[in-house]
Amino acid sequence: MSINATPTGADVAAEETRQPAAVPKQRGGRRKPPLSENKKAERRLGLLLCAPAALVMIAVTAYPIIYSVWLSLQRFDLRFPDQREFIGLENYVTVLTNEFWWTAFGVTMLITVVTVAVELVLGMGLAIIMHRTIIGRGLVRTSALIPYGIVTVVAAFSWRYAWTPGTGYLADLFSDGAPLTERASSLAIIMLAEIWKTTPFMALLLMAGLALVPEDLLKAASTDGATAWQKFTKVMLPVMKPAILVALLFRTLDAFRVFDNIFVLTAGGNETSSVSMLAYNNLIRGLNLGIGSTMSVLIFITVAIIAFVFVKLFGTAAPGSDDGERR
Amino acid sequence: MADIVLDKVSKSFPDGTVAVQDVDLEIADGEFVILVGPSGCGKSTTLNMIAGLEDISSGELRIAGQRVNDKAPRDRDIAMVFQSYALYPNMTVRENMAFPLRLAKLDKETIDRKVDEAAKVLELTSLLDRKPANLSGGQRQRVAMGRAIVRQPKAFLMDEPLSNLDAKLRVQMRTVVSRLQKQLGTTTVYVTHDQTEAMTLGDRVVIMRGGAVQQVGPPQELYDHPKNLFVAGFIGSPSMNFLHAAVQDGELHTALGTVPIGDRVRRELEAADAPRELILGIRPEHFEDAELVDDDTRRRGMEFEAPVDIVESMGSDKYVYFTVEGEKASAAELEELAADAGATDFAGAGGNLVTRLSAESPVAEGQTRRVWFNLEKIHLFDPANGRNLTLHEGRAAGALAD
């Protein structure tokens, strides 16, 4: 224990109090430098403080995810509860070979790509307007954000009434028939409602990006001979790229899960169902927990892939980083 | 290359503030002109108006004889260097420097050749493939200069290009800028708030205050013959000492004793509306330890005794701070200068005297020392309007001039 040959009483007492710190010191020499008592206590406190949040996260996200994965591996229809059994990936085969799923998937992709693209362009325009406005800045910004402040379902209902022949002012404008009863026009209306509602959100995210472009950079570009368009494409866009990617990520993930507008406007009729709509129909209306959960898991996987791709893009997006070595 | 003429150029904002007022300035082809003044004096606004980044409210701006008031910056053929460098973060050094050439639609070979040449001049060749984020401040600054020179524009406009560098690098870059300008012979307008930069760099210096030009001239002329109190206080480091002086029976009563005045100044002071109180200005180097002054020199000045406050030995000479009694000099200009200098430099101007004595002086802190000062180098200012009364046909002649 002690190196001293004949420790006195006082020495022994001192040695004992020093012991806890001294022992890890000897062992730690091989690996990391040892933590002092103080650091250890701090780390313990840190873990304790994180614990409630971690527990809540596990309760509200990890558990449902794991449970739905578990459900997706079973034949489980609440109408025939007796037939419940573990069937492995059979549900996935069923869903992925089903034409309804692929139609819904196509519709969802179409809505995602078109709405996000249009929102990006419109949002950028709106962001520049909001950024540049000097007079009545607050009013302009507030009014631009109104669509985003309205509850989606409420907005969807007003769109539905607007497009309903007889009562709606929009349906009468486009004369013949009810647009919400045909596939193409229904999809167009769904996308219009989506774009109308979320463009302000896009604009808000992009405006934050615009604020990141230093004024001097634009002045420098002006004296370097750039036109307004060249300043936008060659200076502003590259500097804003991270902000644009964040905005695109948020909107793509949101758009892929499109539900409320479709639910209210067409209820998925005329092959306008999105994957979320389809999952809802199977899970809640069809009471088929197995198939419904399978769809949920597939949606989850797709969303994860989208997020992964975007996060990969972020890595190379930061302007000014030397990507020379990485290439 | 071209000359730049500002003809009664003014800038006022919608809320009524006037940033720049009737600036008349003729910048010759190839000249290096410095705009200097405390913050808010309108120097950057003037530069931005030349660049076309700010509208001109009234007056006319001509570059190479052509009115350019309504031309966009890109049509003025000028290059600008910014304090923040304003390098495009997504482009490499090469791309940054090539940017103006690419916009001018030059062919790739010409662009490469020009960029390589400019890089060589500024010793940037090894950095051409780096991104600005991986450069030091001094390197970024050189890239910004490089981007300006590749185009061979009519004029360079520089907005405090060295202010973000540390002190040592700033001195170094000062010579780089100076040499580059001489080499290229391009008309250059350079904005700074640092009077040392103004003194060392420019062919001519324009001192601005509150949007108006105070004095234009070669640095030495501004230093020796300041037109007014503001110019006198702004140029020089440490700055000129200002003392309160009361006019009485043809003499000036100051904290340094009674200063005799020559006929010319006396005639000025005899006018009915002449001020009864003046501000006496004298630069630190016009003091000397009385022991070290020979008789011939002694006759041109006068002496006083004062307690030594602080001695700062610079090696080549000594800065000695004396405490003097008496009223503080006060004028609007002095307050403005004090505010700009962060108050500390000027707050003691009345009670504290800065002198630059020979290194041989045995002066020590705490003792009372006899000090001589040169009467021929004294400036007298009217506190009401700041005018230099000792200035005659643009030359300052001291208090004794006949």
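This is a predicted model: local features need pLDDT of at least 70, side-chain atom pairs count only at pLDDT 80 or more; totals for chains, interfaces and linings use all residues.
Which hand, left or right, does the crossing of α5(A) and α8(A) have? The crossing of these two helices is left-handed. Two packed helices are described by the angle between their axes and the distance between the axes.

**Chain A: α5 with α8**

- Helix α5 of chain A covers residues 137–149, and helix α8 of chain A covers residues 183–210.
- Their axes come within 7 Å and cross at roughly 125 degrees.
- Angles from 65 to 115 degrees count as roughly perpendicular and those over 145 as roughly antiparallel, so α5(A) and α8(A) are oblique to each other.
- On the α5(A) side, the contact is made by A144(A), L145(A), P147(A) and Y148(A).
- On the α8(A) side, look for W196(A), K197(A), T198(A), P200(A), F201(A), A203(A) and L204(A).
- Sorted by class, the residues of this α5(A)–α8(A) contact are 9 nonpolar, 1 polar and 1 charged.

**Chain B: α2 with α3**

- Here helix α2 (residues 93–103) of chain B packs with helix α3 (residues 108–121) of chain B.
- The angle is about 130 degrees, and the axes lie 10 Å apart.
- α2(B) and α3(B) are therefore oblique to each other.
- The crossing of α2(B) with α3(B) is right-handed.
- From α2(B), the residues that meet α3(B) are R94(B), M97(B), A98(B), L101(B) and R102(B).
- Their partners in α3(B) are I111(B), K114(B), V115(B) and A118(B).
- The contact of α2(B) with α3(B) has 6 nonpolar and 3 charged residues, with no polar ones.

Terms used:
Residues are numbered from 1 along each chain as its sequence is written. Chains are lettered from A and ligands numbered from 1 in the order in which they are written. Axes are lines fitted to C-alpha atoms, for helices over the stretch in contact, and angles run from 0 to 180 degrees between N-to-C directions. Helices (H or I, at least four residues) and strands (E, at least two) are DSSP runs, numbered from the N terminus. Angles under 35 degrees count as roughly parallel, over 145 as roughly antiparallel, 65 to 115 as roughly perpendicular and the rest as oblique. A crossing is left-handed if the near helix is turned anticlockwise from the far one by less than a right angle, and right-handed if clockwise. Two residues are in contact if their C-beta atoms, placed from the backbone, lie within 7 Å. Ala, Val, Leu, Ile, Met, Phe, Trp, Tyr, Cys and Pro count as nonpolar, Asp, Glu, Lys and Arg as charged, and the others, Gly among them, as polar.
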